[in-house]
Amino acid sequence: LPLTVSVLYCHCRFMPVDRTPFADVREWLPPLQQAHDIALIPAHMLPPLTPATASALVRAYARVEAAVYASRRKGDFDVSWAALFATAMAGDSEQTTGDREALRALAETVDTATRAPGTSSTLFFVRLSTRSPKDCLLKPWEAAPGRAPLSVVTGQEAAAMLASSARVRDDLAAAAAAAAESGGGVEEEGGGVAVMLRPFAPIPAWSEVRVFVAAGQVTALSQYFPFTGDSAGANRDALARYTNDFVALAGRCAAALSSTTNAVPPSFIVDLALLPTTPPSGDGGGDGDDCRYHPVVLEVNPFSRATSACHFSWARDHDRLHRGPFEARLVAAS
C-alpha cells in the first residue's frame, strides 16, 4: 500500500465537539473475536450495571472530585485508590447508604472476576462498555507509584477509578437519560452499560494509533499522543515500520464488522496499538533492536466529531478522512 507519512511537530489538546453516543464494546467485540486473523486482548464482560450502581457511580464522582481538588488546593495532596474509594462511599443519608451498598457490590463482583479459574494476571484494566476511565482524577504516578498506569489490582481500586472519571459519569448519565426518554428502565433498554475487565497488557503509550475507516476503506492513521524527549524519533520510526500492519488490521476489522448484522456502521474509527512479543531494551520508550511487536485492537469508536481526530482535523481534513487518499500522521513533538 502506498503510504504518505507526515511527521508533525506540535503539542495538541484533543476535545470532542458533539454528543454522538460511543460504540458499545458488546456491539463490536463479538464479531472481531470470531475473526481468527484479528488480535485482541482477552476480555471479561461483567453483568450490566444495575440502575442503582450506575446512579451511585454518577453521584460518587461529585464527592471524589471535590475531595481531590480540595486536597490539591491545600497543597497536602496524598490520595490513594483506597482513599478515593472511602470518599466515594462517604455520606450518612439514606441515598448514600444505598450508594455504599451498590459500590461495595460492584467491587466484590470485580474481585470475583479477577479470581476466576484460569486467570493468571495480577494487574487488570477496567472500563465501561462505552469508554475507558483514562481521565480519572487520580493520576497514575499518584495512584500507585511504580505500577503500570491505569492498572488496578482489587475491586475497590476498580470502583474508585470508575467513580473518579468524568467520562464514566457522562456515559452513565447519558444512558439513564436515554432510558428515561424511551419510557423504560436502564435494564430493559439495551441491557444498560456494563463493565469490562481484562488482564493488563504492557502496551507502550507511544504505540497507540487511531485509524479512520470511511465506508469500509482505510483513509487515515494518526499517532494518538504527541511525545517529547530523546525517544520521540525512535518511536516515530517504529510506528512507521508498522503502518502497513496497522492498515491491514483495520481492513480486517472492517471486513469482520461488515459481515454481521451488528450495530457498527461501515464508517468507524478503530484504536490500535503494539503489544510487545519480546522484552524491550533500555527504558522501553523506543523500539529496541531486541523488541518485536504485533498490532492489537483496543477500541472501536464512532466516525464522528465526538471522537477526536487526533492529529487530523474534522474540518480541515474532511475530504481526506472521508475519501482519502490515505495519509499517516506520526508525531515527534518539540
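**View 1. D237 is partly exposed, at 37% relative accessibility.** The model is predicted. D237 belongs to helix α8, which spans residues 232–258. The side chains of D237 and R236 make a polar contact of 3.3 Å. L330 is 93 residues from D237 in sequence, and the C-alpha atoms of these two residues are 8.8 Å apart.

**View 2. The aromatic cluster is formed by F212, F303, F312 and W314.** The whole structure holds 6 aromatic pairs. In the pair of F212 and F312 the ring centres are 5.8 Å apart and the planes stand at 75°, so the pair is edge-to-face. F212 is in strand β5 (residues 209–214) and F312 is in the loop between β8 (293–302) and α9 (318–323), so the pair ties together parts 100 residues apart in sequence. F212 is buried at 0% relative accessibility, and F312 is buried at 5%. F212 also forms an edge-to-face pair with W314, at 6.0 Å centre to centre and 75° between the planes. Because W314 lies in the loop between β8 and α9 and F212 in strand β5, this pair ties together parts 102 residues apart in sequence. W314 is buried, with a relative accessible area of 10%.

**View 3. Helix α3 (residues 81–88) has W81, L84, F85 and A88 buried.** These residues cover an arc of only 100° around the axis, so they lie on the same side of α3.

**View 4. T114 is located in helix α4 (residues 94–114).** The relative accessible area of T114 is 12%, so this residue counts as buried. Setting aside neighbours within four places in sequence, T114 is in contact with T119, F124 and L197.

Conventions:
Residues numbered from 1 in each chain as written. Predicted model: local features only at pLDDT ≥ 70, side-chain atom pairs only at ≥ 80, totals over all residues. Heavy atoms only, no water. Helix = DSSP H or I, 4+ residues; strand = E, 2+ residues; numbered from the N terminus. Buried < 20%, exposed > 50% of the residue type's maximum accessible area, 1.4 Å probe, protein only. Polar contact = N/O pair within 3.5 Å; in protein donor to acceptor, adjacent residues only side chain to side chain. Contact = heavy atoms within 4.5 Å. Arc of directions from axis to C-beta. Phe/Tyr/Trp six-rings, centres within 6.5 Å; stacked < 30°, edge-to-face > 60°.
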